[in-house]
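Please prepare a short report on the fold, the surface and the aromatic rings of the protein shown here.

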Amino acid sequence: MDLKKIYYQPIVWWSCQAGLVMIDGFFLVFGIQLCIQAYFLDDPYFFILTFFSSNLIILISVVILIGLVINMISVYRIMSKDEKNKP
């Protein structure tokens, strides 16, 4: 498998992946902060809405983060295998 055909410029690809991980980390921290702030609300209705929305934000962020990390690990393994096979 020729990595240059799949990812033409690896520096750009790795930079984009790192940026996406940082953005996803922001939303993960935001969801955790929102969940903490939900416990300080007085109205039970607003507590339920805030609690479940924060948990949804956390869940989506974790799933996207896992997908990005698995994708980065698989590309790194392909790159290291291609480097070993070069004469």
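The report below takes the overall fold, then the surface, then the aromatic pairs.

This is a predicted model, in which local features need pLDDT of at least 70, side-chain atom pairs count only at pLDDT 80 or more, and totals for chains, interfaces and linings use all residues. Residues are numbered from 1 along each chain as its sequence is written, and side-chain values use heavy atoms, with hydrogens and water left out.

The protein has three helices and zero strands, in the order α-α-α along the sequence; helices are DSSP runs of H or I with at least four residues, strands runs of E with at least two, numbered from the N terminus. Of the 87 residues, 20% are buried, where buried means under 20% relative accessible area, exposed over 50%, and partly exposed in between (1.4 Å probe, protein chains only).

The structure holds eight aromatic pairs; rings of Phe, Tyr and Trp (its six-membered ring) pair if their centres lie within 6.5 Å, and planes under 30 degrees apart count as stacked, over 60 as edge-to-face and the rest as tilted. Two of these pairs are set out here.

| Pair | Type | Centre to centre | Angle between planes |
|---|---|---|---|
| Tyr45 and Phe46 | tilted | 6.0 Å | 55° |
| Phe47 and Phe51 | stacked | 5.6 Å | 20° |

Tyr45 is exposed, at 55% relative accessible area, whereas Phe46, at 46%, is partly exposed. Phe47 and Phe51 lie four residues apart in helix 3 (residues 44–85), and are therefore separated by about one helical turn. Phe47 is partly exposed, with 22% relative accessibility, and ring pairs join Phe47 with Tyr39, Phe51 and Phe52 in a cluster.
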